[in-house]
Amino acid sequence: MQPDPLINTVLSEKSWLTSQPTATDLWQTALSLGYPAALWRLPNRADKHLIVSLDTVLPRVSVDLEELPAGFAISPFDNLDFGPDSPARTLFLRADIHATFGEQGGKIVETANDPAVNRFWQAVAEQPTAERPASLLLTDLPDPNAQADYIHRVAQAVEAMQRGEFRKVVLSRTKRVEFSEAPDAVALFDTLCDTYPTAFISAVSLPERGQIWMSATPERLVSQNADGLFRTLSLAGTQSATDANGVAKRPAEAMWSQKEIEEQALVSRYIIECFKKIRLREYLEEGPKTIVAGNLMHLGTQFTVDTQAVHYPQLGTVMLRLLHPTSAVCGMPRDRAFNFIRRHETHDREFYAGFLGPVNIGSTEEQPATDLFVHIRCMKLEGRVATLIAGAGLTEDSVPEREWQETEMKCQTLLAVLSKP
Ligand SMILES: C=C(O[C@@H]1C=C(C(=O)O)C=C[C@H]1O)C(=O)O
């Protein structure tokens, strides 16, 4: 990211700041002081945002878009019951410091009125200029049983579905790689932004867990903008975006099998069932059509609601509680699929297949908006080790070997970028 002239303007009274802080300066300072930070870029946008929270231990919240201040939410997959008695599990990074970086430079949008903020800027000034490592070596940390174990679990799921226990389940697996030194998350974030302009790109540093989560997800869960426009997406079915010779396929020519069409229809049906529960009929449904997501293509149906016209300003909050986890990452019926995942997956999904994104955030030109995405095509960074997680939607027609290949392709979305020199 380029140095930022506007940040310099805003901070000109802070005499100790002699040069323009970059996103790397802010990120590194947050890391060294143990403050959580989130960096993101919305799909098809140029502006990048960074917030630093001054809570070293993050509050766990129940996502109520009407109540939450400006910030960034990150929820684990296991956040099924949002009922009044269930513990709040979503981590919330309040935007104590919020910087935007755009093509015309950047600015500090909002900072908390707190002495800790001044100490933060002092630390930014004292932060040594970070040097980006020239090139990182990446080695696989192979798990010799991973493929056979996954295929075995898929076969068990297929049998359960053939017995009629449930209709769809999403089983995931992990893949670990090691860097020659701890990677620069901001540099990786920038490369992801350049490589996947239509994805939601994020990097979230959670010092209390010693983790940085990074993703390039194509899947919008809940958006609600200042004009009250609500959006969600039903996404499923996966194929490579390139042919056998590596040439990009034309989305309009993508062929989808009956299994994939049904799998995606189940996700759409799930969303429509959620609308039915709240007796909302005035939604616009567009699709399914082929959506390109980096190296992959999916089938997607877009749903929009004008919440002002239907007098339902809290639709985003209500739908989030009904939707998560959708059948794109869990299954149908949801509770049975959830229990199958709990019993059969051998890793903790943590924030994979949860949701994340900015909440009630605006810049000076824009009114606050909320944009939450399903946390897929993601990885967890712990020092030099990256753990990628990817899953595949299974039905009774699934072929286990093909589902394994699908998770391999999904891991490639990030891996291809990590291995760039
Ligand atoms: C579960 C993942 O992706 C989801 C599952 C898909 C599928 O089963 O075809 C496609 C897109 C996503 O909704 C993942 O990337 O890990």
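Modeller: Let's start with the element names: helices are DSSP runs of H or I with at least four residues, strands are runs of E with at least two, and both are numbered from the N terminus. Residues are counted from 1 along each chain as its sequence is written. Keep in mind that this is a predicted model, where local features need pLDDT of at least 70 and side-chain atom pairs count only at pLDDT 80 or more, while totals for chains, interfaces and linings use all residues.

Now the loops. H311 sits in the one between β15 (296-306) and α7. Its phi is positive, about 55°, even though H311 isn't a glycine. Most residues other than glycine have a negative phi, and most peptide bonds are trans. H311 is exposed because it has 8 other C-beta atoms within 10 Å (12 or fewer is exposed, 20 or more is buried, in between is partly exposed, with C-beta atoms placed from the backbone).

Move on to the loop between α7 (315-323) and β16 (331-332), and you'll find P325. The peptide bond leading from H324 to P325 is cis, with omega near -10°. Another cis bond runs from M332 to P333, with omega near -15°, and P333 belongs to the loop between β16 and α8 (334-344).

E350 is not a glycine, yet its phi is positive at about 50°. It counts as partly exposed, because 19 C-beta neighbours lie inside 10 Å.

Y35 is a loop residue too, lying between α2 (23-33) and β1 (37-41). Y35 counts as buried because it has 22 C-beta neighbours inside 10 Å. Apart from neighbours within four places in sequence, Y35 touches A30, V52, S53, L54 and T56; contact here means C-beta atoms, placed from the backbone, within 7 Å.

In α5, A185, V186, L188, F189, D190 and L192 are buried.

As for α9 (residues 400-418), its axis comes within 9 Å of that of α4 (residues 146-162), and the two cross at roughly 125°. Axes are lines fitted to C-alpha atoms, for helices over the stretch in contact, and angles run from 0 to 180 degrees between N-to-C directions. So α4 is oblique to α9 (under 35 degrees is roughly parallel, over 145 roughly antiparallel, 65 to 115 roughly perpendicular, and the rest oblique). Where they meet, α4 brings Q147, Y150, I151, V154 and A155, while α9 brings P400, E401, E403 and W404. By class, that contact has 6 nonpolar, 1 polar and 2 charged residues (Ala, Val, Leu, Ile, Met, Phe, Trp, Tyr, Cys and Pro are nonpolar, Asp, Glu, Lys and Arg charged, and the others, Gly among them, polar).

Methods
Two residues are in contact if their C-beta atoms, placed from the backbone, lie within 7 Å.
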